[in-house]
2 protein chains.
Amino acid sequence: METSPLRTKINELPFDVLAVLPLLYVAWADGMITPTEHKELRKRLHELDWIAPEHRETIEAWLDPSNPPSATEYNQWRRALRRAAADLPQSGRTSLATLGAEMASVGGDGAPGLPDEARQALHDLEATLGVAGDEIVDELRADRPSPEDDAPKQLPCSPDALQAYLDGPHADLRNRIRTLLSDPVFSYDPSLGTDAHRERVLYWCKLLANEGLGALAFPKAYGGEGDIRKFIAAFETLSYHDLSLVVKFGVQFGLFGGSVHRLGSQRHHEEYLEDIGSLELPGCFAMSELDHGSNVRDLETTATYDPDTEEFVINTPHDGARKEWIGNAAKHGRLATVFAQLHTEGECYGVHAFIVPIRRSNGTPQPRVRIEDCGEKMGLNGVDNGRVWFDQVRIPRENMLDRYATVHPDGTYESDIPSAGRRFFTMLSTLVGGRISVARSACSAAKSGLAIAVRYGNRRRQFGPQDEPEVPILDYRTHQRRLLPRLAKTYAIHAALENLTEQFGARGPDDSLEDVEAAANALKAYSTWHTTDVLQTAREACGGKGYLAENRIADLKADTDVYTTFEGDNTVLLLQVAKGLLSDFQREFRDMNVFNMVQFVASDLGTRLTEKNPLVRRNTDSAHLRDPEFHAKAFRYRSEALLQSAARRLKKRIGDGMDTYDAFIEVQDHLVTLAKAKSEQIVFDRFDASIREVDDAEVREVLRMLCTLFALEAIESDRGWFLEQNYIEGSKAKAIRHEVNALCSEVRPMAEPLVDAFAIPNACLQAPIAVKQA
Amino acid sequence: METSPLRTKINELPFDVLAVLPLLYVAWADGMITPTEHKELRKRLHELDWIAPEHRETIEAWLDPSNPPSATEYNQWRRALRRAAADLPQSGRTSLATLGAEMASVGGDGAPGLPDEARQALHDLEATLGVAGDEIVDELRADRPSPEDDAPKQLPCSPDALQAYLDGPHADLRNRIRTLLSDPVFSYDPSLGTDAHRERVLYWCKLLANEGLGALAFPKAYGGEGDIRKFIAAFETLSYHDLSLVVKFGVQFGLFGGSVHRLGSQRHHEEYLEDIGSLELPGCFAMSELDHGSNVRDLETTATYDPDTEEFVINTPHDGARKEWIGNAAKHGRLATVFAQLHTEGECYGVHAFIVPIRRSNGTPQPRVRIEDCGEKMGLNGVDNGRVWFDQVRIPRENMLDRYATVHPDGTYESDIPSAGRRFFTMLSTLVGGRISVARSACSAAKSGLAIAVRYGNRRRQFGPQDEPEVPILDYRTHQRRLLPRLAKTYAIHAALENLTEQFGARGPDDSLEDVEAAANALKAYSTWHTTDVLQTAREACGGKGYLAENRIADLKADTDVYTTFEGDNTVLLLQVAKGLLSDFQREFRDMNVFNMVQFVASDLGTRLTEKNPLVRRNTDSAHLRDPEFHAKAFRYRSEALLQSAARRLKKRIGDGMDTYDAFIEVQDHLVTLAKAKSEQIVFDRFDASIREVDDAEVREVLRMLCTLFALEAIESDRGWFLEQNYIEGSKAKAIRHEVNALCSEVRPMAEPLVDAFAIPNACLQAPIAVKQA
């Protein structure tokens, strides 16, 4: 007789717990217990008075919707039930109650068996719940492999260690949020319309604020923990839930609160931060205008200083200058950080930020402020986006957020930053945290989509060898090709963003943000486009199931669709990244004397020669193809070569007398290619570095395999460029393709544990999050 | 003084018409008049009793929402109004009424000027309508260039001739449908919920049926025109409107009606076709099952013949065999064509089709039939998809659709097609029309998305040279790169589908459908993926505007998202295409004697050698790159090379003893690549051929430019493959990229006329089609 620890453990259970195990097994059959099921089950169990009170606790813990049994645990129940089912008479209908009685009689506590009235109560319970117990017993008896058992799941490392890697330093915070999100108060009523959805989202934000999550980035003096990293970790974890909640949360605490915190001085912090963090004071971040979305520098709202009254006059000069798409504006915001052109003493000093009251506490707009609802959107309808017009609105001088520049009572303008351009970019850099957060939120949505699609692909069967059972569709190479490289890339992006968040949070107050900002722009574009791509693929990989609203993909797609163009349009961000690279490049050359220059070019050529060595170019060995050194060099070479040729092309055009603006337009697609290449290099380098820091060798091995799959598939996707540059030869391109196929086969058995490690609360994935109406 | 014909024409207008021209100008300022605006304007105009009745008709015609003024006409109004505005005093506020009076006084009919009470009436009207007349007059006076005038629009051919090319042989039918769709009865109430949306869609379908559009493909004897081509042209044109309508229309008339028509015999035609075409008899096409979506051959519903009663017994053996996703089932369908495994005399003869009543005329399900609503979906919520279970439902023997096989009263099975496999595919081939239709519907949705994005990109301004006005974003290379190759590809797909439809409709009753079917599978996948890609790009290219529900992109995206996986999952279809190519290839070789074989291989090699000629490989001349010969050869070479290598790889594996199934799995991604290449070749070849048939040299030139852009961008996108095969060298790949850029610049000024040629009714594009609730 086998005496595995698992078996022993089940056998040690008291008979009354064993008797209801069949019911627990059924309750968790679909991987979740909904709040309604939970309520019903608890009520019913309460009626079974023959269960000892202390055992009841065990049972209730097992029914906790937020804490489902692990797959191992569940399979252990299943095995025990099968054995019991096999011991029962093999003909006729058998109820779960009979199976429970059988279980109770083989239990480990002396096996007193089940009293008759208890057996009858179980029968009644089964009937009330409407469970087709006999079919379940038949299935257990038939030993027909269930998809759950069958789905290949082999992870060559500890699942917990893998999750710990993903959760990083704020695992406790993340788990706290996971528990919160599993609370029934966060569950959805899919019949909510837009208005009710908005109120629900506001209510949820309040709950989160009460938990101290809104203020995480603010100084301790104002109820916070002074750690933007924690705030971003919270934001990322919340993104497993309704994304309207996340965006509202980000607008209030990240953008509005962040602008007061980062652009304001102590006076503003004292006046506002605590109330912002507690959501006593809902507010907006009013930057975008109808005519100026991306081109913030040219926005047209004015803030004109009046020294007679020591006020600023905020004005919308024409309809195109109205504030547009402002989150929290249509309904809840009371204040707004308004970005406007500052005029004083007859001079314009460019864009600055001002605190402007827009709505009274009774909900009506302030005088001379007009507010309109943006109306129904593709998604994110729980966020109240609005338009705002200011008609000569007067605010006190003190309402200017004056950390970087101030206007004295007499109207004199003063700033420590002499250049207007630099001042502008310093102020904009407050957006960096928002971009990192959006990138991470997108990554969470990609994880949700992959979790749904991988689990489906591991269970859904279609076609198969002649006269044999159909096989899980994830066994098909085409299906693996669609999901697994994207899964690997999601791990890579996660790691890169984790690393960037750390760098961002660890900087000193006087450290330059330039590097972080460039990486944030690059990764925001890279991550959000990836998410759009992943969710589209996930939808298609689930076929019609993915199209049903009850499945979360529809909402994930609709909600994240705007991520690629808000918080900085991806293409515009990439052009900024490329321009940054070009000026670094120019600076490097400008600062060099002739000797250095020659050395630089020589060493550069040296590197290139090594990298373009014919032996390497043709090397198709699997070991070489999987060598991270090869990947790192390929990504670096690509960014550098694209940078050099872009610089060359620009220089030639400008040298030929072309206007700089026109020259940039002509090479614009080259610049986007360069910035995309740089983004991928950043992702690889940071993932690679983070893997090297992992202590657990098994986890390291799994991550390395994912990194290899990510890198090789990226090179494969862009093999056109690498071939064109003669960096690789055709034979090597083919070998890379075969290696990607091989890696897909290797990763396939661990696909499901890899998405399990995201630890997405069941409540988030499986409860319908749709806000659609019948 | 200028005397252009346009000026003369305006001057010839009577004074009372001229007096209201400023109002007409304002009414059409946003390119459309909504039904509500229309009602209000008509009512108000009716009050102006000084307008001569016959002139009122002219004015009313100009207010027809379905017949907006052309851009030329509108600009002509604008120019005349500007001149009049310039003649008015240049200071102070000026109303539209004053401008109207001025217009009336310079009119061509003796210019009697406007009586005072008429002027007062105009003033009152202006006030009632809440038009900011003074701002409009100021704008006209300032001669500030309007975006409308400014947007580059140059088409080097007649717009009408281009539209005629696109509309093809059924232009009249298409125009009839455009007019229908512009009728207010087809306009939307965005506050409709799902239930009302479904009823509205049914009502619309009835209107279309009354117009004879549903029966177009049916024989004349049953109210039709016996022309599937007309039906498909109607389907495509309807796809400019709400896609729920289109899908419902397709289910009723194409799938349900088509199955009775194609799989039934005359008895069935007589009994059902007329009522199906008039929508007296709403029905379903019940093929897919929960467990068997793609793998139709293995579906599990049974139809067992009972010779005692001469009935078939239709049964759903288990829950996985329920009919799933059946359109028209949840609500309206009364009959269903049910696909089931036919059992008679103890034998199973595979899948056959049966007419099964599922719902009584009072709306309740038939006895032993269970129906469930699939519930809310990502899109297409105006279609009532349902699930259906049959519990031993008995139907008369005559209900078997017996064109290809029949069961005699005694239970004997008889079919002219001896092979079960062949019989199955013959029956499935009824799906071909559906696939072509879906591909064309997708193409229409792509056109809508492009029309929105191109018009927006031609008007939306952002950034610009230092100290100069901002420029339309379509002037940016990155923006051109996103939209223009996709526009070219849309023209290509349109042409290929038009050609395929013609071939499909022109076939004789005994012609093999094999070629058409393979092309339909290929193009369905190619077109629907293109649409998903185009709509995503269009959404992003419109930024936040694209995300607003009032803009159609949100619904187009949501509605078409399922196109890639319904009516045959794209990946599964492509694998079928590849398998077809492989068996043709095998057959070709099998049928050859040794002599032919040698010749074939030699000639094949010969072609290859020429094509891989180093001179060609390196040829970077623009003339060569734009030569259709180059494109045709490149696409052909790619398909052939991929086919040969796929065959080689399969043969090797099978030769090494691998199971055929496993061998196919191993090369599956290769097969998908092959089928995609073949699809692109089909699109190119058919577009190229259709261009050669165009008589108008200017139209031909425009189309050729689009074809070149499509082809070169396709080669550029897959340059990895061409470089890997050494078909082109790196220098040529770079030259192709530059040529695509150059073509984008050349196509850019005609971008808007190119989308205008789709002739999408304004009512479809600009009225909110969202079925979302506040």
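## Sheet in chain A

Strand 4 of chain A and strand 8 (residues 386-390) of chain A run antiparallel and are joined by two bridges. Strands count as paired if DSSP finds at least two bridges between them. Helices (H or I, at least four residues) and strands (E, at least two) are DSSP runs, numbered from the N terminus. Within strand 8 of chain A, A:Gly386 stands opposite A:Ile326.

This is a predicted model: local features need pLDDT of at least 70, side-chain atom pairs count only at pLDDT 80 or more, and totals for chains, interfaces and linings use all residues. Residues are numbered from 1 along each chain as its sequence is written, chains are lettered from A and ligands numbered from 1 in the order in which they are written, and side-chain values use heavy atoms, with hydrogens and water left out.

The open sheet of chain A has three strands in the order 4-8-7, with antiparallel pairing. Strand 4 (323-326) and strand 7 (369-373) of chain A stand at the edges, each with a single partner strand, so one side of each has no neighbour in the sheet. From one strand to the next, the twist averages 25°.

## Sheet in chain B

Chain B also has an open sheet of three strands, in the order 4-8-7, and the pairing is antiparallel. Its edge strands are strand 4 (323-326) and strand 7 (369-373) of chain B, each pairing on one side only. Here the twist averages 25° from one strand to the next.

Five bridges connect strand 7 of chain B with strand 8 (residues 386-390) of chain B in the antiparallel sense. B:Ile371 has B:Val388, in strand 8 of chain B, as its bridge partner.

## Helix pairs in chain A

Helix 6 (residues 96-105) and helix 7 (residues 116-129) of chain A have axes that come within 8 Å and cross at roughly 145°. Axes are lines fitted to C-alpha atoms, for helices over the stretch in contact, and angles run from 0 to 180 degrees between N-to-C directions. The crossing of helix 6 of chain A with helix 7 of chain A is right-handed. A crossing is right-handed if the near helix is turned clockwise from the far one by less than a right angle, and left-handed if anticlockwise. Contact means heavy atoms within 4.5 Å. Helix 6 of chain A contributes A:Leu96, A:Ala97, A:Thr98 and A:Ala101, and helix 7 of chain A contributes A:Arg119, A:Leu122, A:His123 and A:Glu126.

The axes of helix 29 (residues 697-717) and helix 31 (residues 730-747) of chain A come within 9 Å and cross at roughly 145°. Helix 29 of chain A passes helix 31 of chain A in a left-handed crossing. Among the residues that meet are A:Leu709 and A:Leu712 in helix 29 of chain A, and A:Val740 and A:Leu743 in helix 31 of chain A.

## Two copies and their interface

A rotation of 180° with 0.0 Å of shift along its axis superposes chain A on chain B, with an RMSD of 0.3 Å. The two copies are thus related as by a two-fold rotation axis. In chain A, the C-alpha of A:Gly720 is the nearest to the axis, 1.7 Å from it. Superposition is by least squares on the C-alpha atoms of residues with pLDDT of at least 70 in both copies.

The contact takes 78 residues from chain A and 78 residues from chain B. Of the interface residues of chain A, 100% are also interface residues in chain B, so the copies meet through the same surface. About 6300 Å² is buried between chain A and chain B, and carbon and sulfur atoms give 51% of that area. Buried area is the accessible area (1.4 Å probe) that two parts lose on being put together, summed over both. A:Met378, A:Tyr547 and A:Glu724 supply 13% of the area that chain A buries against chain B, more than any other three residues.
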